[in-house]
Amino acid sequence: MRTILITGPGGSGRTTIAAATAQRAAGDGTRTLLLSADRTDTLGAALGTGTGPTPTEAAPLLTVWRPDAADRFRQDLTAFQDRAAGVLDLLGASRLDGEEVTPLPGAEELSFLRALRDAALSERYDLLVVDLPPLPQALALLALPEELRRYLRRLLPPERQAARALRPVLGRLAGVPMPSEWLYETAARWDVELGAVEAVLTDRNTAVRLVAEPGPAGADAVRTAALGLALRSLRTEALIANRVLPEAASGTWFAGLLAQQRKALADWSEEHDVHTVPHLGRDPHGTDDLAALAVPAVNPAPAPVEWPAPAPVAWPVADRLADDGVLVWHIPLPGAIREDLDLVRRGDELVITAGPFHRIVPLPSALRRCTVAGAGLREGELRIRFAPDPDLWPAAGR
């Protein structure tokens, strides 16, 4: 399956573009699922038909799903209470009924990510179009699986599972059952689920389409989004310039706005694959309006075929040992500013801060035996130099 993630600044029309993209793909003969994270049915307003927590066929080959994250959280909490029944009874805890449960902060995001995973793994569809929240909520959502997996490994490292062998002994000494078994099983289950979500997001057939209205505010949003996505190694497939005014507006009081749009489009075309979508003079509603937007096709083939394999986002390590005595790690960060970059080495990890974004990444195996020898930003790419550590690097001929 191919997955297209669509996001943009609030008010950019990202939901309408997602609906138009899915409708066009279905019209081209592709079995398409349109997944939305919106609590309100803005997607239904664009499609001209209601959407909800049950997948519904909105048109031939087009299924629409807006999962109820709150209900999913209630189900997960109920299942957790059942699994941890022994410990909860030991502590004298009172069970929560489903009717009194409201989602905790972050619970809806996790529920939606699980729905995204389930949709991407389904064999009923060839294309998944995801209407993500607006920026920057979408960037935080996309970062969540990797960050939570790291927290789990630090708090409950797999190596400690050897302590399971001591559980019966500790239980006899303490006189009560020990919770380590279910705790580690729960952590392992979460790690597997989060890993599946992360695999979908980083798959070579997953790409992002940014939606923005050309102009100063849209330009700032696109610049920030491109940096955040690059830091997460997510591939930006296209930039959809939405609500572009017709050239006929040049002689009207829209002339100033049209000039702003022209400048933004010219700047964007130097760095992105830009597709313009016309302003209809009204909010698009229904299949005819969505078709009039003429959004770019996801798969140009007239019938479903094997998807071409897009080039993945790579952070290559260049071997410069023979010439300069260093290994160079190339990290693409378009739009990054030197003054807003910060690097910290922590053991076998590198902490990268780029503007408002922050990511902790494991070092490639070869670089773990090196020390950081410097870094530089050139043409939108961060290049970090690593020198072999004599105490860890095998001597030549050894």
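Let's start with a pair of charged residues: the side chains of Asp 323 and Arg 320 form a salt bridge at 3.5 Å, N to O. The term salt bridge is used here for a side-chain nitrogen of Lys or Arg within 4 Å of a carboxyl oxygen of Asp or Glu. Asp 323 has a relative accessible area of 59% and is therefore exposed, while Arg 320, at 34%, counts as partly exposed. For those words the cut-offs are under 20% relative accessible area for buried, over 50% for exposed, and partly exposed in between (1.4 Å probe, protein chains only).

A quick word on the ground rules. This is a predicted model, where local features need pLDDT of at least 70 and side-chain atom pairs count only at pLDDT 80 or more, while totals for chains, interfaces and linings use all residues. Residues are numbered from 1 along each chain as its sequence is written, and side-chain values use heavy atoms, with hydrogens and water left out.

**Salt bridges**

The structure holds 25 salt bridges. As a general point, side chains of opposite charge can pair when their charged atoms come close.

| Pair | N to O distance |
|---|---|
| Asp 323 and Arg 320 | 3.5 Å |
| Arg 66 and Asp 41 | 3.5 Å |
| Glu 146 and Arg 359 | 2.6 Å |

Take the salt bridge between Arg 66 and Asp 41. This pair links distant parts of the chain, 25 residues apart: Arg 66 sits in the loop between strand E4 (62–65) and helix H3 (69–83), and Asp 41 in the loop between strand E2 (32–36) and helix H2 (42–47). Helices (H or I, at least four residues) and strands (E, at least two) are DSSP runs, numbered from the N terminus. Arg 66 is buried at 13% relative accessible area, but Asp 41 is partly exposed at 26%.

Then there's the salt bridge between Glu 146 and Arg 359. Glu 146 belongs to helix H6 (residues 137–155) and Arg 359 to strand E13 (residues 357–362), so this pair ties together parts 213 residues apart in sequence. Both Glu 146 and Arg 359 are buried. Shared partners also join Glu 146, Glu 147, Arg 232 and Arg 359 into one salt-bridge network.

**Aromatic rings**

Next come the rings, with 2 aromatic pairs in the structure. In the pair made by Trp 315 and Trp 329, the ring centres are 5.9 Å apart and the planes stand at 65°, so the pair is edge-to-face. Rings of Phe, Tyr and Trp (its six-membered ring) pair if their centres lie within 6.5 Å, and planes under 30 degrees apart count as stacked, over 60 as edge-to-face and the rest as tilted.

Trp 315 is in the loop between helix H11 (287–292) and strand E9 (317–320), whereas Trp 329 is in strand E10 (residues 326–332), so the pair ties together parts 14 residues apart in sequence. Trp 315 is buried at 15% relative accessibility, and Trp 329 is buried at 3%. Along with Phe 386, these two Trp residues form one aromatic cluster.

**Nonpolar core**

What about the inside? The largest nonpolar core has 57 residues, and Leu 5, Val 130, Leu 132, Trp 268, Trp 329, Ile 331 and Leu 333 touch the most other members. Such a core is a set of buried Ala, Val, Leu, Ile, Met, Phe, Trp, Tyr and Cys residues joined through side-chain atoms within 4.5 Å. Leaving aside neighbours within four places in sequence, Leu 5 is in contact (heavy atoms within 4.5 Å) with several residues, including Leu 116, Val 130, Leu 132 and Leu 142. A second, separate core of 27 residues includes Ile 6, Ala 18, Ala 207 and Leu 293.

Cys 370 is part of strand E14 (residues 370–378), and at 3% relative accessibility Cys 370 is buried. Not counting residues up to four places away in sequence, Cys 370 touches a set of residues, among them Leu 327, Arg 345, Phe 386 and Trp 393. From Cys 370 to Asp 348 is 22 residues in sequence and 9.9 Å in space, C-alpha to C-alpha.

Gly 380 lies in the loop between E14 and strand E15 (381–388). At 26% relative accessibility, Gly 380 is partly exposed. Beyond neighbours within four places in sequence, Gly 380 is in contact with Pro 332, Leu 333 and Pro 334. Gly 380 and Leu 227 are 153 residues apart in sequence, yet 9.5 Å apart in space, C-alpha to C-alpha.
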